[in-house]
Amino acid sequence: MIITGLSAGGTITTFETQNDSTLAGAISVAPFLGPAFLPPWATQAATNLLLLLPNMMLWWNPETPYSSPRMPYVYPRFATRAVAELMRLGRITAAQAGWEAPAAQGIGFLLNEADHSVNNAQARQLVAQWREDGRTVDLRFLPQADGLPHDVIDPREPHGAVSIVYPILLDMIAVDSK
């Protein structure tokens, strides 16, 4: 089985990569291991703070607090507790990577250099750790010049370009399935 996940799903994919030996492959796309504006060294403190504070529902975009008519299935708010739990899962995965090699067979990351939502430095740190364990990690980048949004998967994303992203993902899946 090959799994792939975007954002929160990418975080879960990194955890499964580390822990599930039944996976033939796992591809994390823009995994949310921490917010882009937060340096990696501050992630644990931010996680702890968010876990201590009451849960809040925040708008993705306070200037337009509603779902896009083109994407009515996207909830326009997020829970701070969910963000904290995702960051905690990312920290757990990074800690596990420090003492044991990842369990999945094939490992891939697709990072978007134009992404203003997730911290790519943390994903690179995890890739480096897995490579230190002797594992091959297929690390690919969507260039800054493409100006793609965080959600590079949804064909309804107004600023997306699945014509660029899908062929890369299909190639990564094909590599993992060999």
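The model is predicted, so local features need pLDDT of at least 70 and side-chain atom pairs count only at pLDDT 80 or more, while totals for chains, interfaces and linings use all residues. Residues are numbered from 1 along each chain as its sequence is written, and side-chain values use heavy atoms, with hydrogens and water left out.

**Stop one: strand S5.** Select residues 106-112, which form S5. Helices (H or I, at least four residues) and strands (E, at least two) are DSSP runs, numbered from the N terminus. Here 7 of the 7 residues are buried, so S5 is largely enclosed by the rest of the structure. Buried means under 20% relative accessible area (1.4 Å probe, protein chains only). One side shows Gly-106, Gly-108, Leu-110 and Asn-112, and the other Ile-107, Phe-109 and Leu-111.

Look for Ser-28 opposite Phe-109.

**Stop three: helices H1 and H3.** Select residues 8-19 (H1) and 80-97 (H3), whose axes come within 9 Å and cross at roughly 25 degrees. That makes H1 roughly parallel to H3, a word used for angles under 35 degrees. Axes are lines fitted to C-alpha atoms over the stretch in contact, and angles run from 0 to 180 degrees between N-to-C directions. Contact means heavy atoms within 4.5 Å. Among the residues that meet are Phe-15 in H1 and Leu-89 in H3.

Note on methods. Buried means under 20% relative accessible area, exposed over 50%, partly exposed in between (1.4 Å probe, protein chains only). Two strands pair if DSSP finds at least two bridges between them. Angles under 35 degrees count as roughly parallel, over 145 as roughly antiparallel, 65 to 115 as roughly perpendicular and the rest as oblique.
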